[in-house]
Structure formats: structure tokens, C-alpha cells
Protein chains: 2
Amino acid sequence: MQQELRFYKEQRKKILAFRYVSFLTEWDSQTDAAAGSIAADSVYNATLSEMSYRLTTDPEFERCVETLYKTRETLDDVLRHEIEVMHKSIADAKKTPMGEYVAFNELTARAYPVYVEAKRTCNFELFRPYLEKIVDYCRKQTVWLATETRKGYDVLLDQYEPHYTQAKYDAFFDVVREKLVPFVKSKTSEPQPVPSWAKQKFDVAKQREFCEYIRDVLCFDKNFGIMKESEHPFTSGMGTDDVRITTHYYENDLVSSIFSVIHETGHATYERQCDPALNDTLCGGGASLGMHESQSRFYENIIGRNRAFWQAHFSKLQKVFAPQLNDVDLDEFVNYVCRVERSFVRTEADELTYPLHIMLRYEIEQKLIDGSLQVKDLPSFWNDKFTEYFGITPPNDSLGVLQDVHWAYGNFGYFPTYALGSAIAAQLFYAMNKQFDVESSLADGTTARVNEWLREHIHKYGASKYPDEILCLATGEDFNPDYYVNYLVEKYSK
Amino acid sequence: MQQELRFYKEQRKKILAFRYVSFLTEWDSQTDAAAGSIAADSVYNATLSEMSYRLTTDPEFERCVETLYKTRETLDDVLRHEIEVMHKSIADAKKTPMGEYVAFNELTARAYPVYVEAKRTCNFELFRPYLEKIVDYCRKQTVWLATETRKGYDVLLDQYEPHYTQAKYDAFFDVVREKLVPFVKSKTSEPQPVPSWAKQKFDVAKQREFCEYIRDVLCFDKNFGIMKESEHPFTSGMGTDDVRITTHYYENDLVSSIFSVIHETGHATYERQCDPALNDTLCGGGASLGMHESQSRFYENIIGRNRAFWQAHFSKLQKVFAPQLNDVDLDEFVNYVCRVERSFVRTEADELTYPLHIMLRYEIEQKLIDGSLQVKDLPSFWNDKFTEYFGITPPNDSLGVLQDVHWAYGNFGYFPTYALGSAIAAQLFYAMNKQFDVESSLADGTTARVNEWLREHIHKYGASKYPDEILCLATGEDFNPDYYVNYLVEKYSK
């Protein structure tokens, strides 16, 4: 077994090196590379992907993982978890017919530009035949990858958030549907207009200055990461010591870039605060999509949309933009960043209405996968459900069923992790508050104490445990959506 | 042989992919990555380097190249050249004792920080023991890699500029020593003071605006490359379609960034204008260091330090900086960018005195390698020779023998390519002028005609021929340093 272990660790070094390459090429293509260069470089990236793919499909590597899997009880906790995950991923890959897999990748590559065109022209029919084939493939996946305990839509959900099943999500969204839908209706019955001071232009250099300040407030160490600009804000990390975020500045929006920075620094702090010993393993970084999103949402909503936080930092914002915000008071500003409204587009939704957007997608995915809903009926089903939950009807499919790119990529099972992240954040907030008064701690000016709690209870584990295990260790109980709904109702009842 | 060809091409794809990785990691570390991240990422880069190294040292690959080499007359021209170069590089690697090679890499890694400290504290003695070992290794290299026709310093020279031997360089520097040294002395006997308008501060945003303009003038297509900032300007390219440059803006220097952009765009245009068919081969990019430098120097000096060029663009410069340069006239500006002076530091030297700095290093390298000069005597030898050529004596070793990093890296044989580049540029200028009046063509506002000539006579070949072959095809004769000396004497006699 020593030999297998040595071989495994050698391969792992290469796998990590290729992850670094992906991290860098992604970063480059989204922040630097010219359009023509991205197209040209795709040749090299294809070769690198192939080399990387061969590392884990190499029969010798498979045999080695099989051997280690059989003797996994003798391995240390981190390596045992890593081998279990690798073993499952190899098994899933082997169950997928290669021809189908290749054809599906070609299909989504062709589908993407058609989706973009369909969205641009509000023409669902253009995209329909592609989406039908995509759904068809995902249904087949649920058969290929089924196990004793994992069937149907659960197979897809598990790819994005291990151990979170329909049973769990159903329980979650039942609470949302029952308690939140009526609450949202009552809170959004009257529109909350944007105050006139927020409709001004805000100098981008000043926005940049304030965002640098905010990053310091959030205790992010500039020696191990940078902040840059890109079309869509994102976080990208490699190990604990190279963690990068981007934001986007809009001259006519004071807070968009600020909340992007807060959100992305939540992701970045998770990456930064993993146990550095995990850097040499495949268990670095976040435990899952949902757990990662819980950190960014914790930052963005629980810290960022919080009066206590702005009590410490609003005067700095006024100072940077002086005299532009001199007549705005703290409460007006907090009301502005916490305002809620009915809206058609998920990515622009506020904290309160957001989970309703996800619930809609979850229900649709369930029905598409179990066959009770056909792709051709999708637009009308979307609009009916949307009207039921929000009380408004999308005027066209671009503001309705065509708004998100995920399905064009074949990512069925992904959406629920977004809402799960917000809900986990609320559960963590309650657990954290048992140990110290979180809002008071923010009055100190930085998030140091919050970060320390998150490091100790969530971050340090990286991906060395399953997300449900980590949540249970951190909060002393399983996932419980009541915290989330209670948090929202309490916060937005004020 | 079909099988060998197929295998070779498969490996070549991987070699190119790893070149892309190097290109990207280098770009990232010099423009984006935080200091702490660079250190952390070195682990992944080490693994990638090792994987890349193994591609060409793989015994199967060696056998394959050997077979193709034996039958090279049946290959097309480009592939034959590529196989010849690869065959030599494999042979050289095999002649180098592995233990010595590894020890040398460790030595230079240790030597670098010591060199930096020695330069900082003007303490040659600190660096001396390292440099002695480095010179010792380079001398051994000349024995290991010697062939019938290549011995001594020629072995080192050939690594940086194939086919350029001591015999050729001696002939070159003899002309420089004989004709240029007295000319430089006469031209620099009286100091040329910096005009007062050039001592102002120049807004960096305006410098950036003008540099963007200049890049358009030089016809660089922004769809296939970007311009960014870094500590030291450089060009980096991967294939013809991803070519990037950097510059550095100094508030107290109007022209530094402009001439960096012109210089780097010379390099970049070379990369851009290779035959795109070479992108899939190892014969893309420039033919050699000297040939590459000839393009950047052509741009920087022959185009950039030229009245005809500024006749077309000085008014734009005035406009961008208005009203700051309103009282400066074209001739004053051109005199400023073409002024010459005795100075200690090569990288800050003007066009006229530059080759003397190189000649000094060339003579020293020759003597260190043939053993007629010892490292311990280097500082005094440097200062004596410097005084002989320039008429001034370095006040300390940081402004003398310690100024360049090249020897700390073990790069003996590299320096001469810098002067060679300038000389080749002059030879090309003469050849080009036979076909059209280069200076008049600049009055059109762009370098389109110059670029077209360079594409057709130099760039398109990439590295698919040796640099001396390309020069001969382009100009109809071998390298001839008289063009260079005549060009300088004529230009600076005005």
C-alpha cells in the first residue's frame, strides 16, 4: 500500500498543478486576455484539459484509488475523505457512456450561442430543441448514476451539493412557500422608490477607494490576493495563499460594487482560512457550492445589509464621496441597501425575494426530470408559477424562463445551492450569536471576530468533510430552514 | 516514419501547451499576482516545469527525434529546421552531466539574492565567490558542448544567437571600437542639459492616453493583445494571436513610457506577424534574441527617435498635454529624445553610447571564459576599460560591474545580442530604404508600410530559419556592422 500511496501523491501533485493552470487561464480570460486571444488560446487549453483528464482516468491511477479505497479505514481522516470522493467521481465517470458524454459536451457548446440569441430576441422556440436534448441527457444521467439510495433528481442534486436530497430541499422550500410567500406579498405590495440621492453619478475612482477600504475592514490580506475588475464579479482561488476577487464599478450605482466586494470577500475569506495543511491535498477550498455561497451571503447580507456594520463605516463612505452624501443619514442609507421589491430577474433580486426565485427553478427542475413537465410547456408554466409567487407576470421570456444560462450548460441541480447558501448563513448567524453578540462585534470596525469564528467552525475544514457534517459540527444540529425564514421575517418586519 | 511523425506531433502539442502555461504564469507574476501568492504558486510551477522537462527528455521522444533527424531531408523546410534545432538541444542536454546541471541551478538560485544584496551595498566581494563558481560552470560548459567547429566562448554565444561566433562579433566590435569610440568622445565632451520643460510633472492618465494613440499609430490590433503596466516593461507572446506588452508610467518623465511602448510594440509586431501556420509548430515567435531585439530597436530608435515620425505625431502629443507643451517646438522635442551623454548604466544609455556598454561586457566575457581574466580582478578591469571607452570612471561597483543581473543567472554570451540587434536594425533600414523612402512613409501617420516590409522579409519566417539566413534573405548580404556605425555617425553628426 505504501507504493500506491506514493503513486497517488505523485498524481495528486500533477492534478493540483493542472488546477492551478485552470485557475490562471480562467482568471486571465475574464480579466486580461483580448477576445481574439481567448479564441486562439483555446487550442492550448484543450490540450491541457485533455492531459489533466487523463491523470484521473489513467487505469493505473484507478487501480491505485481502488486499493486505497478498500483500505481507507487505515488512512488519516483527510485522506480517507479525499479517497472516498475520488472513488465516487471515478465510478460516476465510468458509468457514463463515453460517446454520450462527448456528444453532450458538443451539444452544450452548440447550445450556448443559440441560448444567447434566444434570450436576446425573446425567442424561446429557438432554444427549445436544444433544451429538450439537454434535459433528455440529464434524465439519462439519473439512470446511469443511480445507486441504491440515490435516484432521479437526487442524482443531479448530489453532483452540486453532496447529501442534499429532494427530501431535504422539499422540506426547505415547503417552509419558504408556506411562510415566506405570503410575507413577501405583504412587504412588496407597495413599491419602495429609489431615493433621489441614490440616482446621482458616483465617481468610479472614489468607489474604488471605498472598496479598498471595505476590503481592509473585512480583514483581507493584500499580500495573498488582489482585487481587479471584470464584467461579472467573481472569486477565484488556488490554495490559501492566492485568492483573488473582482468587482465591477457602475458610475450610476453607488452600492453595486460595494456589495460585490463584500460578497466576493466572503468567498475569498473562506478560501484564505482553510487549514494551510490542506494545500497539498484535493481537500482545499470550500466544502461545496452551498457552503461557499453561505459564506458570501453571510458577508453580503448578514454583515453588509446590517445597520451595525454601517454604523461603523457610513461616515467613511460620506467622507470619501464628500460632499455628495452629506445630507443622507445612516438610516436612509441602510433602508436603501435593504429595500425589497418584486422583480423578474433573479440576479437583481433583493435578499428577501431571492429564495422565491430559486424555489420556482427547483420545482421546475424536479418536474422536468421526473417527466411531469415538458420543455415545450416551460414558458407558460414559468409564468403561471411566477405570478402565483410574486403577483406579477414576466412580460417576455427573456425576463422569464430564458434569464439564466445554467440550463444551457446542462447544470440541472445547481440552482438550489444558492438558496441553501443563504439559509445556512442564517443558521450560522444564530449559532454564532450564542457565543458572542455578532452585531456588537461589528461596531469594533472590522470583521475580525466573525472571521475567527468562521475559520474555527467552517473554513479550516476546507473540503475535507461533507458540507452537512461541517454544518452539524458548527451549529450542533442538521440543516434547519426555520432559522432562515425567521431571520428574514424578523429583519424585514422592522 | 509516419508513426514517429505522429508521436512527435502529439508531443509537440503538449510542449506548446506548456509554453502557453509558462507564458501565462510569467505574465501573471509580473502584472497581477501578490508577492505572497507568487511564493505559494511556485510549488505548482515547479511541478509543471518538471512535467514539461520530461516531455523532451523522454527516451521515446529522443528516439523519435533521432529517427526524424536521420530522414530530415524528406521533411518540409519548417519541420526539418525544427527537428535540427530539437536534435541539437537534446544532444546538448545529454552532454551536460545531470548532477552538475542540478547543482548549477541551485547555485544560481542562491546567487541571486546575494547579487541583489551586493548591488544594494556596493559590495562586490560578497558576490565574488558565487560569480567564480558560475564562471567555472560556464567554462565547463564550453568543454562539454564543444564540437568540431564550436569551441570556447563560441559555445556560449551560440546558445543565445545561433551561428554568431567570436569571429563575427570581433569584427563587429572592432568597427565599433575603431570608429564609434572616438566619435562618442567628441559628441559627449560637452553635457547636453535636460530642457526645463521636460522637468515638469506629466499627468499619468494623459501619458496613458498618448501611449494608446501611439500603439494605434504602430498598427497594433487590440483584439489580439493588451497593454498593461509592470515594474519593468516587457513583451510576452503566445503564437500570433496573443501578444501582450507592458509599460511603466513615471510622473516626472514624459517620454520613458512612450519609448517603452514603441520598443515593446516592435517586439510585439514581430510575434504578431509570423506566419500563422507556424502557431502549431515550435518555429513560431522570433528567430533569436538578436533578431527580436533588432525589431524593438528598429521601432524605438529608427522610427521613434526620428524627426519624420514626430512630424506626424508631435502635435497630438501637444494636444493631449495642452497647454503644457504649447511652447515646445518639434525640433526641441526631437533633440531632447535624441540627446546623447556619457553615463554609467547600460539600461539608461542613449542610442549612440549603448554599443560601447555592450562591447565592454563582450570583452570581459571573452577573457573570463578563456581564463585570461580572473573574477577577483573584474572590478578594476571593468573600471579601467570603462574609463578608456567613456572617459569617465564608475564611482562604485553598483554603477559598474554589479549593475546587470545577467551574470548572476549564469547568462554568459547573452549581452552581445543586444548590440547585434541594434546593428541588424540599421542594416534592415538601409535595405528597406532601397525599396521605399522609409522616413517619408512615416509621414502618412502610421507604420503600416514599414510593418508590411518587416512582415514579408523578417517576421513571416518566425523561428523557422536561422537568424543569419533570414538577414541574408532580407538584405541580400551577410551581417555587416558598417551600416550600423555609418547610421549612427550620420544621424548624430547632424
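Which helix of chain B lies across β2 and β3 of chain B, and at about what angle to β3(B) does this helix run? The answer is helix α10 (residues 256-272), which runs at about 165 degrees to β3(B); axes here are lines fitted to C-alpha atoms, for helices over the stretch in contact, and angles run from 0 to 180 degrees between N-to-C directions. Two residues are in contact if their C-beta atoms, placed from the backbone, lie within 7 Å.

## About the model

This is a predicted model, in which local features need pLDDT of at least 70 and side-chain atom pairs count only at pLDDT 80 or more, while totals for chains, interfaces and linings use all residues. Residues are numbered from 1 along each chain as its sequence is written, and chains are lettered from A and ligands numbered from 1 in the order in which they are written.

## Chain A as a whole

Chain A holds 20 helices and 3 strands, where helices (H or I, at least four residues) and strands (E, at least two) are DSSP runs numbered from the N terminus. The radius of gyration of chain A, 23 Å, is close to the 23 Å that the globule rule gives for 494 residues, so chain A is as compact as a globular protein of that length; the radius is taken over C-alpha atoms, and the rule is 2.2 Å times the number of residues to the power 0.38.

Of the 494 residues in chain A, 40% are buried, a residue being buried if 20 or more other C-beta atoms lie within 10 Å of its own, exposed if 12 or fewer, and partly exposed in between. Ala91(A), which is found in helix α4 (residues 77-95) of chain A, counts as partly exposed because it has 15 C-beta neighbours inside 10 Å.

## The sheet in chain B

In chain B, 3 strands form an open sheet with mixed pairing, in the order β1-β3-β2; two strands pair if DSSP finds at least two bridges between them. The edge strands are β1 (227-229) and β2, each of which pairs on one side only. β1(B) and β3(B) pair in the parallel sense over 3 bridges, and Lys228(B) stands opposite Thr246(B) in β3(B).

## Strand β2 and its hairpin

Strand β2 (residues 235-238) of chain B runs antiparallel to β3 (residues 242-247), joined to it by 4 bridges, with Met238(B) opposite Asp242(B). The hairpin of these strands has 3 residues between them, and Gly239(B) takes a positive phi near 70 degrees.

In a regular strand, side chains alternate between the two faces of the sheet. In β2(B), Thr235(B) and Gly237(B) lie on one side and Ser236(B) and Met238(B) on the other, and all are buried.
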